[in-house]
Amino acid sequence: QKIDTSIAQIRTNIQQKVGELEQGKLTEASKAAMFRQKLEERRLKIASHEAEIKLKIQAFKDKQKAQIAARVNTNLNKINQNQTDTMLKNLDLMSSLLDKLADRVTQGTHDIKDQALANQAIADAREAIANARTAVEAQAQKDYTKRDQLHTDIKAVRKLVIDAKQAVSNAVRVAKSGKIATPSAEEKEGSSSGKQ
């Protein structure tokens, strides 16, 4: 009877975790929709900003300097947009991989050693992805006129994306080994070289 009670509690816990994971999937979808809306707003903002810069350019006495300033502004904003778009694609891929891993954990396949540890690692990875996504979306909204500021901001956001990637890798390791994984010195070194 105690075994039946324990099994019932484990099933209830698993069903609860599955519900939480499904809720996480819905949250990711709503965040993606909100991002697309923010991206469109950003494009409109950039267009209005470019129009504003053109007005300022006309006020410059030296037209050549004005054209250079406008070109630099446009190029920096394109770089920012390309970088943030790439980061978001990577975060989407990580979320997809986590969804597949969560399905395997839920199904209880033979290669998953400890479901509870795996579910916790997946939840941690989802949180890291959500934090990185928030930072990338905020970065995508920014407008730049200075290269150094763009470089500094992109570097900080990229670190969050790398941390999310490491959290996903950790979730896979935990699911396969059934042990809490800690990155080795080589992995730490490899991730720091990827930041530059």
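Leaving aside its neighbours within four places in sequence, Gln 139 is in contact with Asn 80, Thr 84, Tyr 144, Leu 150, Asp 153, Ile 154 and Val 157, where contact means heavy atoms within 4.5 Å. The model is a predicted one, in which local features need pLDDT of at least 70 and side-chain atom pairs count only at pLDDT 80 or more, while totals for chains, interfaces and linings use all residues. Residues are numbered from 1 along each chain as its sequence is written, and side-chain values use heavy atoms, with hydrogens and water left out.

**Gln 139 and its setting**

- Gln 139 has its place in helix α3, which covers residues 115-140; helices (H or I, at least four residues) and strands (E, at least two) are DSSP runs, numbered from the N terminus.
- Gln 139 counts as buried because its relative accessibility is 1%, given that buried means under 20% relative accessible area, exposed over 50% and partly exposed in between, with a 1.4 Å probe and protein chains only.

**The chain as a whole**

- The secondary structure of the protein chain comes to five helices and zero strands, and the pattern read along the sequence is α-α-α-α-α.
- Of the 196 residues in the protein chain, 31% are buried.
- Among the contacts in the protein chain with a separation of 6 or more, 80% are accounted for by residues 24 or more positions apart.

**How the helices pack**

- Two packed helices are described by the angle between their axes and the distance between the axes.
- Helix α2 (residues 63-107) and helix α4 (residues 147-177) have axes that come within 11 Å and cross at roughly 10 degrees; axes are lines fitted to C-alpha atoms, for helices over the stretch in contact, and angles run from 0 to 180 degrees between N-to-C directions.
- That angle makes α2 roughly parallel to α4, since angles under 35 degrees count as roughly parallel, over 145 as roughly antiparallel, 65 to 115 as roughly perpendicular and the rest as oblique.
- The residues of the contact of α2 with α4 divide into 17 nonpolar, two polar and five charged, where Ala, Val, Leu, Ile, Met, Phe, Trp, Tyr, Cys and Pro count as nonpolar, Asp, Glu, Lys and Arg as charged, and the others, Gly among them, as polar.
- Helices α2 and α3 pack at an angle of about 165 degrees with their axes 10 Å apart, which means that α2 is roughly antiparallel to α3.
- In the contact of α2 with α3, the residues divide into 15 nonpolar, seven polar and five charged.

**Salt bridges**

- A search of the whole structure finds five salt bridges, a salt bridge being a side-chain nitrogen of Lys or Arg within 4 Å of a carboxyl oxygen of Asp or Glu.
- One of them joins Arg 126 to Asp 99, with the closest N and O atoms 2.8 Å apart; Arg 126 lies in helix α3 and Asp 99 in helix α2, so the pair ties together parts that are 27 residues apart in sequence.
- Arg 126 is buried, with a relative accessible area of 11%, whereas Asp 99 counts as partly exposed at 21% relative accessibility.
- The side chains of Lys 159 and Asp 163 also meet in a salt bridge (2.9 Å, N to O), and both residues lie in helix α4, four residues apart, about one turn of the helix.
- Arg 147 and Asp 148 meet through their side chains in a salt bridge (3.3 Å, N to O); Arg 147 is exposed, with a relative accessible area of 56%, and Asp 148 is exposed, with a relative accessible area of 54%.
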